[in-house]
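Dear colleague,

I am passing the structure on to you with this message, and my notes on its pockets and on one of its strands follow below.

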Amino acid sequence: MDTQVIRIHRHGDPDVLQLETVTLGSPGAGEVLIRQTAIGVNFIDTYHRSGLYPLPMPSGLGQEACGVVEAVGDGVKEFRPGDRVAYAGGTPGAYAQHRIVPAAKLVPVPEAISDDIAAGTLLRGMTAQYLLKRTFPVKAGMTVLIHAAAGGVGQIACQWARALGATVIGTAGGAEKCALASRWCDHVIDYRVDDFAARVSEITGGAGVPVVYDGVGAVTFDGSLDSLSPRGMLVSFGNASGAVPPFSPNLLAQKGSLFLTRPTLGHYTATRDELLDTAEDYFTAVARGHVVADIGQRFALADVALAHRELEARRTTGSTLLAP
């Protein structure tokens, strides 16, 4: 069958994104053919496109989508045609109308979860899950700092952290995003205007916070370290403002015997059970109302370059979708 996909033949700016028609065969052993109904756009996609995280050429892009199973290959017992499924992570290639995916990478989508929510927030939701519950487990009574609180991961993580009983300090850039973040944060700091580390110190009475979840990267790194209490942990999980420059480990000692980790979703969903449990926990949080996921903007598949430009310019809020 013929289907439309987005591919790149070299790394570069959004102009390298090309809409192409390709022919798909039948799913092989352990594989599933999906008719995709919604596709998520994530910041990591821009890293793959630009070459910050290089890919072999030519390559597809995108790591997250929801759809309906159309055919299964030999040995697939968990899914059958008509099932609603989603995936997040793995080999880039989600920007497509149809896709063949290993069954082991798919998760079932509960009836209570819409296609848009599954496609647009599963990667972010599973990221929030491992950050808050496994990388540094949030407990009731803690005060935590979460950067980019108006962004896709930030919105989910802030809501979920509050549901876990934490006091949430969120940062965002600009008055509009700060107003949005105030819906799920106890305190909001505009990091473009204010010294957020000084504000964190003020809010916590000089104690600092035990953990900072930082998906921004270079711009916030120093301030994130300065926001931590002694023996606190900086969870650096993204580079929206660019990669953190090299530094001496002695800096962590000087600032309070701090911990630093750079986690990725793949290492927290490496087994089938981990993947299913992480996705199920997120979907349950949404179904129970602990997290109200927001789809901020939608683009046609052919307009993916515009979606990337808006994302990189930080003009998006919540999650971004492509319509196949």
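Helix 2 contributes the most to the lining of the largest pocket, with 4 residues; helices (H or I, at least four residues) and strands (E, at least two) are DSSP runs numbered from the N terminus. The model is predicted, so that local features need pLDDT of at least 70 and side-chain atom pairs count only at pLDDT 80 or more, while totals for chains, interfaces and linings use all residues. Residues are numbered from 1 along each chain as its sequence is written, and side-chain values use heavy atoms, with hydrogens and water left out.

A pocket here is an open set of points on a 1 Å grid over the protein atoms alone, where a 1.4 Å probe fits, with protein on both sides within 12 Å along at least five of seven lines, and lining residues have an atom within 4 Å of a point. The largest pocket is lined by 50 residues, and Asn42, Phe43, Ile44, Val153 and Phe237 lie nearest its centre.

Strand 3 (residues 31-41) is mostly covered, with 8 of its 11 residues buried (under 20% relative accessible area, 1.4 Å probe, protein chains only). Strand 3 pairs (at least two DSSP bridges) in the antiparallel sense with strand 7 over 5 bridges, where Arg35 has His98 as its bridge partner. With strand 5 (residues 64-72), strand 3 pairs in the antiparallel sense over 7 bridges, and Ile39 is partnered there by Ala65. Strand 16 (residues 319-323) is also an antiparallel partner of strand 3, over 3 bridges, and in strand 16 Leu321 stands opposite Gly40.

With best regards

Terms used. Buried < 20%, exposed > 50% of the residue type's maximum accessible area, 1.4 Å probe, protein only.
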